[in-house]
Amino acid sequence: MNPVFPSILSTNFFNLEAKLNAFAASGIDFLHLDVMDGHFVDQISFGPSLARAVRERFRFGLDAHLMVSNPEKAVPQFIKAGVDWISFHAEVTTDTGGLLRRIRDGGCRAGLVLNPDTPLERLQPYLAELDYVLLMSVFPGYGGQSFIPATLERVSFLKKEMAARGSGALLQVDGGIHPGNAALLKAAGADLFVVGTALFNADDIADMINGFENQLHWSRS
Ligand code: DX5
Ligand code: ZN
């Protein structure tokens, strides 16, 4: 699985199909869908209908990042839309363990998202029910923000903690990732890299993806 997950939040939707074709031609396996409700975060982005439209046209795995105040309502809609992975924020007051189980029961991989200022300890009760952890390296709500350097220490600490507890969960990072920090994140222990602006602003998408793959020491063969 290609560890680079393009976030489609930053795209001009009139160019989306061309961008997705370019991602498919460049060996991208998963897309990151930034779902924003205008309440948990300021912006409103898109809903399950976009996920379904992408699912009907492309073979990408779909990773839905729910930046919503009411993930209990959103989860069944995105399962029905055919996404493959669903993550929601630990900062949302909900039955976290129950919702993680519900995502898995729906046939999806379950993830929990932590904002940059949320203590890593919040994950502890759920490690056995997590397929992945998403550590935000920006505060959620917008693409194009600067990477928060303290994320590197959080990645490295969490990776060790998860190994010590026998967790097989993957460690995903999201926000402000570009060719200048991807290798550092990989060295700190990150497994998956969500990239928005750096990819959508690239003159040559294939070249940019190739650059990330080299930095991440990943090749399909
Ligand atoms: C921010 C989103 C991120 C963001 C990534 O709330 O969760 O996925 O769109 O985009 P860049 O790479 O532009 O920070
Ligand atoms: Zn995201």
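Modeller: Let's start with the ring rule: rings of Phe, Tyr and Trp (its six-membered ring) pair if their centres lie within 6.5 Å, and planes under 30 degrees apart count as stacked, over 60 as edge-to-face and the rest as tilted. This is a predicted model, where local features need pLDDT of at least 70 and side-chain atom pairs count only at pLDDT 80 or more, while totals for chains, interfaces and linings use all residues. Residues are numbered from 1 along each chain as its sequence is written, chains are lettered from A and ligands numbered from 1 in written order, and side-chain values use heavy atoms, leaving out hydrogens and water.

Colleague: OK, how many aromatic pairs does that rule give?

Modeller: The count is 7 aromatic pairs. Take Phe5 and Trp85: their centres are 5.5 Å apart with 50° between the planes, a tilted pair. Phe5 sits in strand β1 (residues 4–6) and Trp85 in strand β4 (residues 85–89), 80 residues apart; strands here are DSSP runs of E, at least two residues, and helices runs of H or I, at least four, numbered from the N terminus.

Colleague: Is Phe5 buried or exposed?

Modeller: Buried means under 20% relative accessible area, exposed over 50%, partly exposed in between (1.4 Å probe, protein chains only). Phe5 has 0%, so it is buried, and Trp85, at 4%, is buried as well.

Colleague: And how do the rings of Phe30 and Trp85 sit?

Modeller: Their centres are 4.8 Å apart and their planes at 50°, so that pair is tilted. Phe30 lies in strand β2 (residues 30–36), 55 residues from Trp85.

Colleague: Which residues form the aromatic cluster?

Modeller: Phe5, Phe30, Trp85 and Tyr132 make up one cluster.
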